[in-house]
Amino acid sequence: MTVEQIKIGFDNFSYVIYDKPSKKAAVVDPSYNALKQVGFIKSRDLELVYVINTHYHNDHTDKNKRLLDTFPQSKLVASKTDGVYLKYDIDIFIDDGDQLKLGELTLGFILTPGHTPGGICIVVDDEAIITGDTLFIDDCGRSDLPGGNVNDLYDSLQKIKTLPEYLIIYPGHDYGSKPYDTLGNQKKTNKTLVAKNIEEFSKIP
Ligand SMILES: [Fe+2]
């Protein structure tokens, strides 16, 4: 497994993606506390290459600077749309369909607006998808916060549903019955993925 799921505070998830042969690593969503991610990276002698934000909300991005300062060679990665809301300089702006290499691993980016205008999901080498606050286990993110849009969120979830069912979903919060699950299981059990159309979807409480 090349994705380490790290619980931060009450219910946030941060992730370290790493390529064992090259020892290159990326942190997704540092959240409020970078201690565990820094410890994980240093204990395995990894090289932090990217700090990636799935979206701009502070509970995902608060410790960006701590990581960037601790590993000065690392680069901050975010979508153009959400990047403008961040209080940090973005090094690499992501657009839909972009890819980044992390050693031998490929990180594929999908734009998934709806929770925020420029949310992104990260497909890790045909193995996993880190979904931020777009998709949780058993639920999806809110679309009623500033910049959210229920139609965009529905369309983003339809995009995710077309991906291979063996992908493991790693969400941005620990809100579900388990910390992660396969997309195939969630397509059967997650009410927000089961909904047949936008009318059904928008009635989910
Ligand atoms: Fe959020």
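1. Strand β4 is largely enclosed by the rest of the structure, because five of its six residues are buried (a residue counts as buried if 20 or more other C-beta atoms, placed from the backbone, lie within 10 Å of its own). Helices (H or I, at least four residues) and strands (E, at least two) are DSSP runs, numbered from the N terminus.

2. A word on the source: this is a predicted model, in which local features need pLDDT of at least 70, side-chain atom pairs count only at pLDDT 80 or more, and totals for chains, interfaces and linings use all residues. Residues are numbered from 1 along each chain as its sequence is written.

3. The six strands form an open sheet in the order β1-β2-β3-β4-β5-β6, with mixed pairing, where two strands pair if DSSP finds at least two bridges between them. At the edges stand β1 (3-8) and β6 (92-94), each of which pairs on one side only.

4. On one side, β4 (47-52) runs parallel to β3, to which five bridges join it, and Val-51 of β4 is the bridge partner of Val-27. Towards β5, β4 pairs in the parallel sense over three bridges, and here Val-51 stands opposite Leu-76.

5. Strand β5 (residues 75-79) is in turn joined to β6 by three bridges, the two running parallel, with Ser-79 opposite Ile-94 in β6.

6. Together, β3, α1 and β4 make a right-handed β-α-β unit, meaning that, with the strands pointing away from the viewer, the path from the first strand over the helix to the second runs clockwise.

Note on methods
Contact = placed C-beta atoms within 7 Å. Axes fitted to C-alpha atoms, helices over the stretch in contact; angles between N-to-C directions. Buried ≥ 20, exposed ≤ 12 C-beta atoms within 10 Å, placed from the backbone.
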